[in-house]
Amino acid sequence: MALLGGSKCLVRSVYASLQRHQVLKLGGSNREGATVSGFDRSADSYQSQSQKKKKKILYAEVIEVTDGSARNRKKKLKKANATSILGNQMNENATPEELLQEIDQGRAPLPAHLEELEEVLEFESRESVKEESTDFKKSNKQQGKSKKTKNVNPVILKEIEDLIKLRKQKARREMCVAVLDVCTNQKLFSSAFNYFRLSLRREKRLGTPISNESFQELYNSLLRCIAKKGDLEQLKSVLHLMREDNGQPDSRTFSYCFETIGRNTIPRQRAACVETAKKLIEDLPHYNMELSSLFSERNFKADEREMTIAGIRLAEPNFVPLYPKISTHYDCDLLNKLNDKSIDSVLYTGVNDLFERKEIPKLVEEQLKMELSGSVSVKSVAKDENAEVSASTKKILDDLEKSWAEVIEGTLGKQLRLMKYAYNSNEDPTGSKAKNAILYPFLSAVPIPDVTKLIIQQVHHLLSGSNSFSPPLNFLAHDLGRRYFRLFSKNQKTASKLNDKLKRLHIKYFNRLLDPQVGTASNCRQIWEEIEFSNLEGPDICVESKPWPDAIITELGEHFYKLILDDIKFDARRHTNEPSELVPAFYIVYRQKGERYLRELKVHPLLMTLYSDAMSRDLNFEADVLPMVVPPMPWLTPRTGGYLTSESLFFRSFRTEATIRADRLNHLPRNQLYPNMDALNAIGLTGWKINNRILDFVIDIFNQKGDESLGIALHPSTLVPPTGDISSATTATERHTIYREHMLYKQRKSELLSLWCSTLFTLSIANHFRDRIIWFPHDMDFRGRVYAMPPYLNHLQCDYGRALLKFAKGKPLGENGLTWLKLHAVNLTGSMKRKPISERLSYAESTLEEIVDCAENPFTGSKWWQSSDDPWQTLACCMEISDALKSPNPKNFISHLPIHQDGSCNGLQHYAALGRDSFGARSVNLAACDTPGDVYSDVAALVEKQRVEDAAGGVEVAQILKGYIGRKVIKQTVMTIVYGVTRFGARLQILKQLKDLEGFPKEYTGQASTYLTMKTFDCIREMFSSAKEIQDWFNDCARVISLDCGQHIEWITPLGLPVVQTYSKDVRMERPNSVKQKNAFAPNFVHSLDSCHMMMTSLFCQRAGISFASVHDCFWTHPCSVEVMNKICRDSFVDLHSQPILENLSSFFEKTYGKPFEHLVEKYGSVDSRKLEVFSHVPPRGDFDLEEVKKSTYFFS
């Protein structure tokens, strides 16, 4: 249900919105199912009767979907129970969780005695309401088809009732904690206490048992509010209330009590404060606590630590808190060598000798300013052919934005005054009458000028998009609400002086990185923790803002978008002689998706044209999508690290997924995540510089409309539009052809625009940071695969994006550095992958003149580099070789170019190592050999052998394929088969390759692709028998877990990272999608292993004092340290696979899914106990000796 108003109010607001934005006039359709508003008032006269009829149905549907009050949902529920749902078949053997999911989805009846439960929390997401409405419609459609309801086990019903109550209680608790927190930050103490009192009264009235954890969270939120006020009497009343409710205090409870006493400044209460402090100290031993523990288990904001100490010292004047030092020990067998501090090593920081100490404060200040400003203006590199037009248009837009800001600021001020009156005059802020005011404490949490700036920035973002795409309003609203929450968090950090402390600590951290001898610390996280431990005064760095419920986030975003729709207007007749007319800059379209209508936002085309004329000079980016100008903050916790002020998780996730994964992380010992966080820190510590020569070449080609052969996006204007016209004489076939050509043209133009914009952003950002040293903070996905957080410019980009970057710190080439540069140039061409290193070096020497010519005359010489697989990286390498050869002594030449060492079909390498498959190991270069193995060519040869046999037996398709089966045809299928590609997907891959083969008969592509898919799968199974057995075991386990146990698949990586597959059928992530769970498990598990291998390599490279960067299974370092990195890479792989990985996974599955579900077998019979035995059926291993990997030259090469 919406926060602003009830259902009737919501219906009126929808109609008002439709009238305001002219959506009630049915115009044309920009895509199938999308009804858009017309801008020409005369368009109404062209509507047919059928269109008008369709319009009525459309808006009836829209109102029905948005009308989602709890009362109406309850009526629908009763009506559904009385009609179709009562007829649904119910499963007697269903577990409580499964039956609850069926009820949630409208596929099972809600028991009659549950209808009297309290209404669903008023602040549920509007999207959830729409989903429920849709589910009821689906249930009604099934009327008459269902069978008679069976009796349901009363035990199951009781457990369902408890689950429903607990879920509602959790939602109410999260809302209460968020309201208390935001009221405390704004010193709305009386409002906070009133909300808490009424919330607690409601919980007692509902009779739902409240866990001690929930009690602690609620009471601690209130006690924090009281502590800010320093109200001793209110503290006593709350503690008395807590004792009456049998609530158990924790360390934070006592800490807030002492803080309250410390803040109390009333002289007549001095004696009472002392007495209360003494009683609290006497109570501590009863709860197995001591005074120092109050400081180790709480993160303090602002002056909370000092006030807490002041409160304790009233009873114990000489008290000094003792802080236990955080353990830095790795609790992981794979990293035991890193725990040995006696090893003489120099930590690689990558910044020594690059800066003077006096520069550091200025750089840290610049980074903080960028992050706190919200956005950064970057000059566009696009050639401005209409500079005068752009300048005049920009002035028009600047004037418009000033007027928009004034209107928004005025409207916000008026709304807040009205909301404040409603909020203060309402007796029950938790009741239904308060729905119009409940947003007040959240909306007033940020100053109006800051909110106005945020909204104008969002308008910029919308105008910079494409008018051919209309994003869903609920997505935009949630995104804007999330931005508002981040702005609130930044302001809170500034107000609590956290940013000031962060600046001081980062300056000290940066200074420590300049000295390679970093003392007792063995990585950058430990350096930071040492610095922080010696500077404990003031707020803690790891303080996190209390999360706001998703419903509040979305409602805030929708509130702001209502302002954008209502108040952002412009004169559409500015360039005409007609009288001015202000029209909305944005409007809503409704697009049908199944049985629902989605609201989508579009920009007025005239305003979009106006903005596109002015955008060629300046681009605006948020600071957290740009590189940093200082080393990233080390990851200290899953929510603290990366950028200095932006709160983010160290793994990428979306909404509900983030909640599930964060819940797993919260229950882990802190040091279990150290290996993963330290690996992110080590990679993020690598500094980069822009390769200016490559940048200038790419910009020049980009402004010449691009070049697809070199991977530079074409400008959309280069695309020639179709010429066909439709007339009365056009036949149906011709009409279809013309429509198809126009559709393909629009699709291709949209793709080119997207690619062109992406290239523009990358080049503009690179140009902005020209001659600067930059860093990329890193995070990971849910499997542990590592990515750079800035999306546009990073070393994981395409060919030209990688060529734009080089190491900031250069190192002398040394004895073999020049040799590695030559090998790197040859490897990048991709032409000698099956040749031994000796032949590659010979080829490099024979083409040395061409390499130098490419560096000196890249576009007028032989252009040898342009035929490479990675032309821009090849050109950068040619330039580096040329510069080294021109230097007096190449061994002393300072090289900044990264050298790549790439895994040989890395997925199959991990499978071969898991199964100790000797034959497969040789194919993927795990075993030592004179020439590199090529698994793709090996598979192609085996397929060709079977084709010859079939052709001799008279199989027509085998005869037609003669001479066409090559490495390229089956490469993608072989590469992805270990990552779970299906036969259907593999057939499409091969079909595409066959269509591109010159001379192959097109009429046989379908039949031939099916034949080759079957043969490729058979050959892979024959070559990698162990790999397929392991993959089959993965699939069997996944099927039992997701389908029979009804759970998401989880596992723990060898480095301790918990992984959860959240593929689900519902938005609450409660019903796992068994098909996706099964198909994704094998590839995701292998990806988690290659991530562990990369992380181990990065940690040991950092300890060895050498540079390291990675693109998943491709490792980078300086030319002089390739041999060291190669040894570490091989040792890490052997150590990783020497662990009992499959046995550990089997034990984890049995513990997590086997034993907990044994009681369900006995109680409900819902899981076949024999299926659970699959977890223990670990495939047998072969006889491959892992030590051979250490001798393999081509394992990574």
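# Briefing: cores, a helix and cavities

Of the chain's 1197 residues, 55% count as buried. The model is predicted. The chain holds 44 helices and 21 strands. Among contacts with a separation of 6 or more, 76% join residues 24 or more positions apart.

**Nonpolar cores**

- In soluble globular proteins, nonpolar side chains tend to be buried together.
- The largest nonpolar core here has 208 residues.
- Helix H41 gives the most to this core, with 12 residues.
- The residues with the most contacts inside the core are Phe510, Phe650, Trp872, Leu926, Val935 and Phe1034.
- A second, separate core has 101 residues, including Leu232, Leu291, Tyr440 and Leu462.

**A look at Phe510**

- Phe510 is one of the residues with the most contacts inside the largest core.
- What does Phe510 touch, leaving aside its neighbours within four places in sequence?
- Its partners include Val351, Phe355, Ile360, Leu363 and Val364.
- Val630, Pro631 and Trp775 are also in contact with Phe510.

**Helix H42**

- H42 runs over residues 1122–1137 and has 16 residues.
- From its first C-alpha to its last, H42 reaches 23 Å. That is close to the 22 Å expected at 1.5 Å a residue.
- Is H42 mostly covered or mostly open? It is mostly covered, with 12 of its 16 residues buried.
- Among the buried residues of H42 are Val1122, Met1125, Ile1128, Cys1129, Phe1133, Val1134 and Leu1136.
- The buried residues of H42 also include Asn1126, Arg1130, Asp1131, Ser1132 and His1137.
- Which elements cover the buried residues of H42? Among them are the helices H29 (817–829), H33 (906–915), H41 (1074–1104) and H43 (1141–1154).

**Cavities**

- How many cavities of 30 Å³ or more are there? The count comes to 12.
- The largest cavity has a volume of about 120 Å³.
- The largest cavity is lined by 14 residues. Lys493, Ile541, Arg639, Thr640 and Leu644 lie nearest its centre.
- Helix H20 (498–513) and strand S9 (640–642) are the elements that give two or more residues to this lining.
- The lining of the largest cavity divides into seven nonpolar, three polar and four charged residues.

Conventions: Residues are numbered from 1 along each chain as its sequence is written. This is a predicted model: local features need pLDDT of at least 70, side-chain atom pairs count only at pLDDT 80 or more; totals for chains, interfaces and linings use all residues. Side-chain values use heavy atoms; hydrogens and water are left out. Helices (H or I, at least four residues) and strands (E, at least two) are DSSP runs, numbered from the N terminus. The expected span of a helix is 1.5 Å times one less than its number of residues. Buried means under 20% relative accessible area, exposed over 50%, partly exposed in between (1.4 Å probe, protein chains only). Contact means heavy atoms within 4.5 Å. A nonpolar core is a set of buried Ala, Val, Leu, Ile, Met, Phe, Trp, Tyr and Cys residues joined through side-chain atoms within 4.5 Å. On a 1 Å grid over the protein atoms alone, a cavity is a set of points where a 1.4 Å probe fits but cannot get out, and a pocket is an open set with protein on both sides within 12 Å along at least five of seven lines; lining residues have an atom within 4 Å of a point. Grid points are joined across faces, edges and corners, and a volume is the space filled by probe spheres set on the points. Ala, Val, Leu, Ile, Met, Phe, Trp, Tyr, Cys and Pro count as nonpolar, Asp, Glu, Lys and Arg as charged, and the others, Gly among them, as polar.
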